[in-house]
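Subject: Structure handover

Hello,

Here is the structure for you to look through. Please open it beside this email.

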Amino acid sequence: MSINYQDRIPNNVDLGSNRTLQRALEHWQPEFLNWWQELGPKDFQIADVYLRTATSVDAKGWATYGYVKMPEYRWGIFLADRNPERKIGFGDNFGQEVWQQIPGEHRSTLRRLIVTQGDTEPASVEQQRMLGHTAPSLYDLRNLFQVNVEEGRHLWAMVYLLHAYFGRDGREDAEELLERHSGDADKPRILGTFNEPIRDWLSFFMFTYFTDRDGKFQLKSLAESSFDPLARTCSFMLTEEAHHMFVGDTGISRVIKRTLEVMKELNTDDPVAIRAAGAIDLPTVQRYLNFWFSSSLDLFGSESSSNAASYFANGLKGRPDEGRYEDHVALETFYTVDVPDGNGSTKTEQIPMRNAMNDVTRGSYVKDCEMGVTRWNRLIEKAGHSFRLALPSTRFRRNIGMWTSVPTDPSGKPIPQEEYNAQIASWLPSEADQAYILSLMHGVYEAGKMAAWIAPPDRGINNNPVQYEYVRLH
Ligand SMILES: [Fe+2]
Ligand SMILES: [Fe+2]
């Protein structure tokens, strides 16, 4: 289905025939644009950026490329096509018709789920707003802005649902999505990770690899929802999300590639020597990975959750790729979790499967994260080094769930608090690490040039060469 660009708000939901909704969204649009100017990418609003814009929602050819000034990006409302055959895929109402309207009893819960998802979208734009000043190349600068405009569109996607299905409450929620701000002392964003500042590009790549991937799994769970408009909205968002994770995956690969080149040139793996040559030593990459992976794990919630059980029972939020499971009701099965025994060791517990849905989703996420780590390690192995990157245990440095504040080492082994305190600086980016990484951050704005701490990408965007002028600065 193609998208109508004639309207003030591009859409494929026939907005023109719904005057009330159209008025609500046209009222919100200038507030969004104000927010974008104030808290979107700083100082690049008049640059011409080689951006991809969605023009249709089918698998092929939904994107067109061209130079756009970001404030003129055509944000709009795009839902994946409706499948008239679609049935509820899990929970107590398995096999029944999906809902085109929200059943009254699920209204407040769905509203909360949509607001929580919606809040992360502008939050990440706010977190990343200063990064344009220190982009390692025009190619990277363009990728940053592509991610930013699409997160802006994801906000539109959630605001559409709020306006279209939740009346006045939804309109108020939509305004508040522009009033909370990342890291704000009084009105922070809802979820912790989205209040962490992103001051450097290594953190940006970690964020797009690990935290956008949390987004992927949340969207996959919501794409299973019995509330069909939510499912269709999230399905289309997933196509955009894939590029964000590509940016993270290839960004980290390129950092490692450059480090390996320096290690070869100098014939050393000494972090001091590698840093003196302006590259990022692999143990530092590991510490940033530890930080962002553990922080992102918390976004899935507690291992055992009665909320997760009721979302599943009621068909509001499913498991990612629900079709791959055999039992879609999950009423009589159990799930085994490792929990701290309170004496510095672990024990296993059985919890009802429905209560374990957060951990089921987290498990799929961890597997997905592993794939990049394997690829990065292959680069290191091929270069002849024994160092290996690894995901820390899901027990490590948790702030939500059964392992909250339980001191463990990165392998997940419980250790005494004193030992944890003494070691944590070697497991997470220290102040010195952060200062070093920040010292590398300088904007490189000459087409085809790369900062010294990162290798060029294997290929450019949309079959253009790497040295293409992806952003025209004025
Ligand atoms: Fe997003
Ligand atoms: Fe994203």
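Below is what was found in it, from the whole chain down to single residues.

**Overall build**

Please keep in mind that this is a predicted model. The protein chain folds into 12 helices and 5 strands. Its radius of gyration is 23 Å, close to the 23 Å that the globule rule gives for 474 residues, so the chain is as compact as a globular protein of that length. The C-alpha trace spans about 65 × 60 × 40 Å along its principal axes.

Of the 474 residues, 56% are buried.

**Surface and charge**

The protein chain exposes about 19,800 Å². Carbon and sulfur atoms supply 48% of that area. There are 51 positive and 64 negative side chains. The centres of these two sets lie 3 Å apart.

**Cores**

The largest nonpolar core has 112 residues. Which residues have the most contacts inside it? They are Trp201, Phe205, Met206, Phe210, Tyr365 and Trp453. Helix 3 (residues 138–165) gives this core its largest share, 15 residues.

Leaving aside neighbours within four places in sequence, Met206 is in contact with Thr211, Ile252, Val285, Tyr288, Leu289 and Trp292.

There is also a second, separate core of 12 residues. Phe90, Ala308, Phe312 and Val337 are among its members.

Most residues other than glycine have a negative phi. Two residues here go the other way.

- Asp321 has a positive phi of about 55 degrees, although it is not a glycine. Asp321 sits in the loop between helix 9 (306–314) and strand 3 (334–340). Its relative accessible area is 25%, so Asp321 is partly exposed.
- Asn462 also has a positive phi of about 55 degrees and is not a glycine. The loop that holds Asn462 runs between helix 12 (431–440) and strand 5 (471–472). Asn462 is partly exposed too, with a relative accessible area of 36%.

Is Asn290 buried or exposed? Its relative accessibility is 4%, so Asn290 counts as buried. Not counting residues up to four places away in sequence, Asn290 touches Ala390, Pro392, Phe396, Trp427 and Leu428. Asp43 is 247 residues from Asn290 in sequence. In space, the two are 32 Å apart, C-alpha to C-alpha.

*Ser226.* Look for Ser226 in the loop between helix 5 (201–222) and helix 6 (228–266). Although Ser226 is in a loop, it counts as buried, at 1% relative accessibility. What is Ser226 in contact with, leaving aside its neighbours within four places in sequence? The residues are Ile88, Val98, Trp99, Asn314 and Gly315. Ser226 and Glu241 are 15 residues apart in sequence. Their C-alpha atoms are 22 Å apart in space.

*Tyr65.* This one is in strand 2 (residues 63–69). At 31% relative accessibility, Tyr65 counts as partly exposed. Leaving aside neighbours within four places in sequence, Tyr65 is in contact with Tyr50, Leu51, Arg52, Arg142, Ile461 and Asn462. Gly363 is 298 residues from Tyr65 in sequence and 36 Å from it in space, C-alpha to C-alpha.

Best wishes

Methods: Residues numbered from 1 in each chain as written. Chains lettered and ligands numbered in written order. Predicted model: local features only at pLDDT ≥ 70, side-chain atom pairs only at ≥ 80, totals over all residues. Heavy atoms only, no water. Helix = DSSP H or I, 4+ residues; strand = E, 2+ residues; numbered from the N terminus. Rg over C-alpha atoms; globule rule 2.2 N^0.38 Å. Buried < 20%, exposed > 50% of the residue type's maximum accessible area, 1.4 Å probe, protein only. Areas by Shrake-Rupley, 256 points an atom, 1.4 Å probe, with all protein chains shown as cover. Lys, Arg positive; Asp, Glu negative; His and termini not counted. Charge placed at Lys NZ, Arg CZ, Asp CG, Glu CD. Core = buried A, V, L, I, M, F, W, Y, C linked by side-chain atoms within 4.5 Å. Contact = heavy atoms within 4.5 Å.
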